[in-house]
Amino acid sequence: MDRYQLGFKYVLGLLFVVLTSLAHAGESDVTWSQLSEDQQKVLSPLAAEWDSLRPWQREKMLDIARDYPKMNPQKQERVKNRLSNWSRMTPYERENARKKHQRFKDLPEDQKQALRDKWRKYQSLPEAERAKLRAESPDTYGEPASE
Amino acid sequence: MSRYKDNMTHEKNDNLSTDDIVLDTMVEQQIARHMTDLLNDSAQRLMPHQEQRLTLAHDAAVRYLAEKQAQLQYSNTHTSQGNVVRWFGDHFGQQHRMTSAALVILVMLVTFFAVQQFEVSNNLENSDAFLLASDLPPEAYADKGFDAWIDTN
């Protein structure tokens with residue numbers, strides 16, 4: 001191997017390291033105080049617990065803050081109201097929710113409306129009855145999935 | 001002989017037709033033959049130490065040539081460096097190492113940005129933000145009691 005080949009491989013290795021670093025630059029371990037003003041505004045329901053979140057949880061939340069401005073005011077309000085509950089769900093529950101949301105998106109509009117109506121009726125059931133239903137239901141997706 | 005060659009060179013510069021080039025080649029061959037004859041004649045009267053030096057030089061030249069050929073063969077057999085560039089012809093082949101390096105870096109950069117672009121679009125479709133903004137709250141998707149209740153109603 002001559003000197004040129006050695007140098008060439010060194011440059012390639014360096015380039016690979018730089019690109020890998022750039023690719024993972026978005027993975028964040030930022031504290032609450034390091035967030036931008038806009039990010040803090042969106043993620044304000046999580047202010048108290050932000051610094052205790054795991055890095056990958058923060059990354060997911062930052063993705064939400066990134067997409068937040070693309071939504072209309074009604075959806076933005078929904079996101080803010082649901083964010084706190086979302087952060088308290090287990091990774092397993094969140095993964096289930098993602099899968100079912102994907103299926104929900106693919107449903108025809110009449111079936112979506114039917115499901116919304118059913119959710120309202122289900123919410124009107126006494127909490128004890130809903131808890132019983134949950135306790136009697138087997139896990140749909142098997143082992144918890146990691147995020 | 002030198003004057004003869006100078007004359008031929010002068011003539012070659014004046015007008016280079018096909019006949020001139022053929023004639024020039026023939027003259028070159030004649031000169032070479034003449035030089036060989038002179039060397040052969042002189043070789044008959046070499047001193048032993050001169051013969052030894054010539055033998056050593058000959059062996060060194062042969063060894064150098066053999067090494068060069070072996071290196072070339074190894075390069076062609078075991079590495080493909082520059083092969084891609086040869087598709088583009090001899091012009092690029094002149095600096096094939098630099099061009100190869102530039103091509104490899106270009107491919108790496110294009111791949112990197114393509115992957116980045118794919119991740120961004122993929123994240124857009126699967127972002128949790130859109131789940132949170134959905135018509136149904138996340139609890140509706142995660143509540144296994146709701147699934148069971150739907151099945152019985």
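Student: Which residues of α4(A) are buried?
Tutor: They are Val79(A), Leu83(A) and Trp86(A). Please keep in mind throughout that this is a predicted model.

Student: And what do those buried residues pack against?
Tutor: Within chain A, the buried residues of α4(A) pack against α3, and across in chain B they pack against α7 and α8.

Student: Where does α4(A) bend, and by how much?
Tutor: The bend is at Arg82(A) and comes to about 45°.

Student: Now the core. Which residues of the largest nonpolar core touch the most other members?
Tutor: From chain A, they are Leu43(A), Ile64(A), Ala65(A), Tyr68(A) and Val79(A); from chain B, Ala129(B) and Leu132(B). The core has 23 residues.

Student: Which elements each supply at least two residues of this core?
Tutor: In chain A these are α3 and α4. In chain B they are α7 (128-132), α8 (138-142) and α9 (144-152).

Student: Take Ala65(A). What does it touch, leaving out residues up to four places away in sequence?
Tutor: Ala65(A) touches Gln39(A), Val42(A) and Leu43(A). Leu43(A) is also listed among the core residues that touch the most other members.

Student: Moving to α9 of chain B, why does Phe146(B) count as buried?
Tutor: Phe146(B), which lies in that helix, counts as buried because it has 24 C-beta neighbours inside 10 Å; the cut-off is 20 or more.

Student: Which residues does Phe146(B) touch, with those up to four places away in sequence not counted?
Tutor: It touches Trp119(A) and Tyr122(A) in chain A, and Ala140(B) in its own chain.

Student: How many residues does each chain bring to the contact between them?
Tutor: Chain A brings 39 residues and chain B brings 33. On the chain A side, α1 (3-23), α3 (55-67), α4 (73-88), α5 (91-105), α6 (109-123) and α7 (127-136) each supply at least two residues. By class, that side has 19 nonpolar, 15 charged and 5 polar residues.

Student: What about the overall make-up of the two chains?
Tutor: Chain A has 7 helices and 0 strands, while chain B has 9 helices and 0 strands. Of the 147 residues of chain A, 14% count as buried; for the 153 residues of chain B, the figure is 9%.

Student: In chain A, what share of the contacts with a separation of 6 or more comes from residues 24 or more positions apart?
Tutor: Such residues account for 64% of those contacts.

Student: Last topic, confidence. Where in chain A is it lowest, and where highest?
Tutor: It is lowest in α1(A), at a mean of 66, and highest in α6(A), at 92. The mean pLDDT of chain A is 82, with 80% of its residues reaching 70 or more. Over residues 141-147 of chain A, pLDDT stays under 50, and the model has 12 contacts beyond four places in sequence for them.

Student: And what are the figures for chain B and for the model as a whole?
Tutor: Chain B averages a pLDDT of 77, and 71% of the residues score at least 70. The model scores ipTM 0.70 and pTM 0.48.

Notes
Residues numbered from 1 in each chain as written. Chains lettered and ligands numbered in written order. Predicted model: local features only at pLDDT ≥ 70, side-chain atom pairs only at ≥ 80, totals over all residues. Helix = DSSP H or I, 4+ residues; strand = E, 2+ residues; numbered from the N terminus. Buried ≥ 20, exposed ≤ 12 C-beta atoms within 10 Å, placed from the backbone. Contact = placed C-beta atoms within 7 Å. Nonpolar A, V, L, I, M, F, W, Y, C, P; charged D, E, K, R; others polar. Core = buried A, V, L, I, M, F, W, Y, C linked by C-beta atoms within 7 Å. pLDDT = per-residue confidence, 0-100. Bend = angle between axes of the 7 residues up to and from the residue.
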